[in-house]
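Look at the structure shown here and follow the paragraphs with it open.

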Amino acid sequence: MTAMEMQIAGSAGAFAYEVELRMDGPGALVLAGPNGAGKSTALKAILGALRPARGRILLGGVPVFDAAQDVDVPTELRGIGYVPQAYALFPHLSALDNAAFGLRGPDRSRRARSMLERLGVGELAERRPGSLSGGERQRVALARALAPEPRLLLLDEPLAALDVVSRRQVRAFLSDRLRSLEIPSIVVTHDLDDARTLGDRLAILERGRVVDSGDLRSVLERRASPFAAELASPALPPKT
C-alpha cells in the first residue's frame, strides 16, 4: 500500500509556503483553496519540478526528496502520474500514441490501448486530440498518466478546461474513477463544486499553508477559514 507524506517549506519571490500533507493509502485528497494559495506549487514539489528549500517527501515510506540528506529523485523516477491543466496532449499524435508516450517495451501499445478501453475511450484510439471533446481529451490524458502504473496520481485543475455542460458530466465520471483506483491521488482545484465532489478527504490551502485537513464533511463543518466557510455553503446547513 502506497502512503504519501510531505513536509516542505520555501519561497518563490515574495511568496512563502509551508505545507504538510499525509495520505495513508488509496483514495482521493482534494487540495483546495483560492487562486494563488500555493496549490500548484505543492504539486510541483511532489512531482519534482520544484525543489523546496527544506523538508522531505516520502512515497511508500521511501524519500523522493529530503533536503537534509540531499535526496532529490528525478521526476521520471518518482513513479508519479500527472495530469496537468489543459491536459498537454501532443496534437500530432493519436490518442493511442499519447497514452503510450511514457511507456517502454514491446507491449506499450497493448498496455496503452487497454487503459483507454478501461476509461471508456478505446474506440477513439486512432483519433487525434483536435477531433476529441474536452471530456474525451481528459480521459486520454488520464490514460497516459495511469498506463505506467504509478504509485501516486496528481491532477492539477482537471476540469478547468471544460465548458459548463461537459464539466458536470466529466466531474461525475472522474469522481467515480478516483474512488476506484488502488493508489492515492491528489486533486488540485479552486472550484467549490469540484472540491465538494471529487474526493473523500479535503485539505484547504491558503497563503502557502494548510489551514485545515481531514475527511470532507469534518473540514466543511469546521469552516476554519473564509474559503472553507464559502466551500461549506450550501453544501452544509449553517452552524447553530
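**A walk through the model**

Arg 171 is found in helix H5. Helices here are DSSP runs of H or I with at least four residues, strands are E runs of at least two, and both are numbered from the N terminus. This is a predicted model, in which local features need pLDDT of at least 70 and side-chain atom pairs count only at pLDDT 80 or more, while totals for chains, interfaces and linings use all residues. Residues are numbered from 1 along each chain as its sequence is written, and side-chain values use heavy atoms, with hydrogens and water left out.

Is Arg 171 buried or exposed? Its relative accessibility is 13%, so Arg 171 counts as buried. The word buried means under 20% relative accessible area, exposed means over 50%, and partly exposed lies in between, with a 1.4 Å probe and protein chains only. Leaving aside residues up to four places away in sequence, Arg 171 touches Leu 159, Asp 191, Asp 193, Asp 194, Thr 197 and Leu 198. A contact of this kind means heavy atoms within 4.5 Å.

Asp 194 also takes part in a salt bridge, and its partner is Arg 167, with the closest N and O atoms 2.7 Å apart. Arg 167 lies in helix H5 (residues 164-180) and Asp 194 in helix H6 (residues 192-197), so this pair ties together parts that are 27 residues apart in sequence. Both ends are covered: Arg 167 counts as buried because its relative accessibility is 15%, and Asp 194 counts as buried at 2%. A salt bridge is counted when a side-chain nitrogen of Lys or Arg is within 4 Å of a carboxyl oxygen of Asp or Glu. Side chains of opposite charge can pair when their charged atoms come close.

How many salt bridges does this rule give? The count comes to 16. One of them joins the side chains of Arg 22 and Glu 5, at 2.7 Å from N to O. Arg 22 belongs to strand E2 (residues 15-23) and Glu 5 to strand E1 (residues 4-12), so the bridge ties together parts that are 17 residues apart in sequence. Arg 22 is partly exposed, with a relative accessible area of 49%, whereas Glu 5 is buried at 18%. These two residues belong to a network of salt bridges that links Glu 5, Arg 22, Asp 24 and Arg 56. Another bridge runs between Arg 78 and Asp 72, where the closest N and O atoms are 2.7 Å apart. Here Arg 78 is buried, at 1% relative accessibility, and Asp 72 is partly exposed, at 35%.

Next come the aromatic rings. A search of the whole structure finds 1 aromatic pair. The ring centres of Phe 90 and Phe 101 are 4.6 Å apart and the planes are at 45°, so the pair is tilted. Phe 90 is partly exposed at 28%, and Phe 101 is partly exposed at 44%.

The nonpolar side chains remain. In soluble globular proteins, nonpolar side chains tend to be buried together. A nonpolar core is a set of buried Ala, Val, Leu, Ile, Met, Phe, Trp, Tyr and Cys residues joined through side-chain atoms within 4.5 Å. The largest core has 48 residues, and those touching the most other members are Leu 116, Leu 142, Leu 153, Leu 155, Leu 178, Leu 202 and Ile 204. H4 gives the largest share of this core, 6 residues. A second, separate core of 26 residues includes Tyr 17, Ile 46, Leu 154 and Ala 203.

Leu 142 is found in helix H4 (residues 134-146). Leu 142 counts as buried because its relative accessibility is 2%. Not counting residues up to four places away in sequence, Leu 142 touches Val 83, Leu 119, Leu 153, Leu 155, Leu 174 and Arg 177.

Ile 46, named above in the second core, is one of the buried residues of H1. Helix H1 (residues 39-47) is mostly covered, with 7 of its 9 residues buried. After H1 comes Gly 48, whose phi is positive, near 100°.

Key: Rings of Phe, Tyr and Trp (its six-membered ring) pair if their centres lie within 6.5 Å; planes under 30 degrees apart count as stacked, over 60 as edge-to-face and the rest as tilted.
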